[in-house]
Amino acid sequence: MIRPQKNMNAHQRSPAENTQSKSPLANKANHPLAPAHSRKTPLWIQHLLHWFSVHQRTMPWRDDPSPYKVWVSEIMLQQTRVTAVIPYFERFLGQFPTVQSLADAPLEKVLKAWEGLGYYSRARNLHQTAKIIHFERNGHFPKTEAEWLALPGVGPYTAAAVASIACGQTAAAIDGNVMRVWSRLRGIREDISTPAWRNKARADLIRYARICNASLFNQAMMELGALVCLPRNPACVDCPIRNNCIAHRKRWTDIIPLRKKINPVPHRHEVVLLISSNKKVLMRQRPEKGLLAGLWKFPSQPLDKTHTSSSRAARALANSLHIPQTNKLQKHQRVEHAFTHFTQTLHVYRMELATAIKLPSPDWRWCSAHDLDTLPLSRSQRIIANEYNAEDERSS
Ligand code: SF4
């Protein structure tokens with residue numbers, strides 16, 4: 001059962017309260033403080049907006065929807081659930097309270113603050129965009145959807161969401177939740193993953209966004225998809241727009257939305273060496289471009305068909321680092337990890353060296369336990385580092 005929210009701010013009141021507003025903003029339909037809707041607004045949208053005013057979840061960026069907060073939250077919410085984002089958002093805003101503080105921070109500090117959220121290109125783009133806003137735009141945030149779209153890491157959905165929620169612009173923000181709600185509401189039995197479907201949906205939704213408060217309309221559609229119109233077993237009995245919903249009426253909720261079959265993701269194996277010497281472990285920083293760019297990792301290499309076993313691949317990797325054969329390798333750990341496009345098993349081998357080897361190039365480093373705690377690592381590398389530090393603590 002969804003409970004009414006207690007702490008609604010000025011622009012999140014019920015439609016009845018909002019239409020009584022005496023604010024001079026009342027005439028600007030899409031200003032964030034404008035009323036939720038007017039007399040021209042279709043009844044189903046009035047029901048939807050009223051439902052949103054009562055049932056919306058509390059989120060730290062909703063109380064003060066400034067461009068900085070909404071932009072950071074939308075970037076974090078790409079590929080990540082709200083509940084996982086909230087603690088990261090609060091820590092991130094504590095560390096970088098303004099766009100200037102984010103622009104001035106070194107990238108490594110931003111990556112460290114992002115650690116565990118995954119999809120690190122989001123953090124790099126956020127940092128790059130903060131620099132553009134602070135240094136090239138004199139701290140002025142973009143206003144329109146098109147201006148937001150021109151910035152690194154901002155796609156059509158994010159541009160529309162930030163422009164409407166934080167800047168009072170008319171835009172249709174179409175994420176996975178909105179696609180599901182809209183296709184069911186209209187009973188559209190077409191593949192929703194095609195650009196043609198999206199373009200048509202955007203053209204239809206923008207007409208509705210124009211005649212009510214676009215910020216609230218977009219947020220209400222997304223919230224309905226997240227809380228009621230679920231992918232499986234939508235809670236149609238609790239839905240404020242069920243009387244208008246074609247999928248509900250025709251019992252099509254199991255077949256809509258239609259989406260073409262997605263190929264299964266490939267699985268890859270990689271060997272990882274945990275090489276320690278004098279209480280330090282060997283690490284390497286990833287290149288500035290590519291997957292997990294700029295993060296640190298343990299020496300590793302993909303396990304492919306040329307390797308007959310993970311132990312042989314680990315030995316070959318040790319040989320490539322000129323580590324003498326006399327040093328023994330021990331099977332240490334297995335870590336499973338999932339990326340969007342593939343899943344991965346890391347076969348971790350451990351090796352203790354009496355004397356540290358010479359570093360192969362400047363991007364390598366012998367790291368202490370403290371370094372391991374402070375360097376930005378991907379989730380799977382963090383699991384290996386934490387296990388190493390815990391063992392180190394137990395043995396000392
Ligand atoms: S009635 Fe059911 S299927 Fe239709 S929008 Fe509401 S929750 Fe989704």
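**Entry 1: burial in α16.** I call a residue buried when its relative accessible area is under 20%. This is a predicted model, so everything below is read from a prediction. With that cut-off I went to helix α16, residues 379-395, and asked which of its residues are buried. My list reads Ser 380, Gln 381, Arg 382, Ile 384, Ala 385, Tyr 388, Asn 389 and Asp 392.

**Entry 2: α10 against α11.** Two packed helices are described by the angle between their axes and the distance between the axes. I looked up both for helix α10 (residues 176-185) and helix α11 (residues 195-210): the angle is about 80 degrees, and the axes are 11 Å apart. That angle makes α10 roughly perpendicular to α11.

Which residues meet here? From α10 I noted Val 178, Met 179, Trp 182 and Ser 183. Their partners in α11 are Trp 197, Arg 198, Ala 201, Asp 204, Leu 205 and Tyr 208. Sorted by type, the contact has 7 nonpolar residues, 1 polar and 2 charged.

**Entry 3: aromatic pairs.** How many aromatic pairs does a search of the whole structure find? I got 13. One of them joins Tyr 68 and Trp 71, with 6.1 Å between the ring centres and 55 degrees between the planes, which is a tilted pair. Both residues sit in helix α3 (residues 67-77), 3 residues apart, or about one turn of the helix. Tyr 68 is at 6% relative accessibility, so I count Tyr 68 as buried. Trp 71 is buried too, at 0%.

I then turned to Phe 92 and Trp 114, an edge-to-face pair at 5.9 Å centre to centre and 85 degrees between the planes. This pair links distant parts of the chain: Phe 92 is in helix α4 (residues 82-95) and Trp 114 in helix α6 (residues 107-114), 22 residues apart. Buried or exposed? Both Phe 92 and Trp 114 are buried.

Entry 4: Most residues other than glycine have a negative phi, and most peptide bonds are trans, so I went looking for exceptions.

The loop between α13 (246-249) and β1 (267-277) holds Pro 257. A cis peptide bond joins Ile 256 to Pro 257, with omega about 5 degrees. Arg 251 is in the loop between α13 and β1, and its phi is near 55 degrees, a positive value. At 76% relative accessibility, Arg 251 counts as exposed.

His 322 also has a positive phi, near 60 degrees. I found His 322 in the loop between α14 (310-320) and β5 (330-338). With a relative accessible area of 69%, His 322 is exposed.

**Entry 5: Thr 253.** One more stop in the loop between α13 and β1, at Thr 253. Its relative accessible area is 17%, so Thr 253 is buried. What does Thr 253 contact, leaving aside neighbours within four places in sequence? I wrote down Arg 184, Pro 234, Cys 236, Ala 247 and His 248.

Key
Residues numbered from 1 in each chain as written. Predicted model: local features only at pLDDT ≥ 70, side-chain atom pairs only at ≥ 80, totals over all residues. Heavy atoms only, no water. Axes fitted to C-alpha atoms, helices over the stretch in contact; angles between N-to-C directions. Helix = DSSP H or I, 4+ residues; strand = E, 2+ residues; numbered from the N terminus. Parallel < 35°, antiparallel > 145°, perpendicular 65-115°, else oblique. Contact = heavy atoms within 4.5 Å. Nonpolar A, V, L, I, M, F, W, Y, C, P; charged D, E, K, R; others polar. Buried < 20%, exposed > 50% of the residue type's maximum accessible area, 1.4 Å probe, protein only. Phe/Tyr/Trp six-rings, centres within 6.5 Å; stacked < 30°, edge-to-face > 60°.
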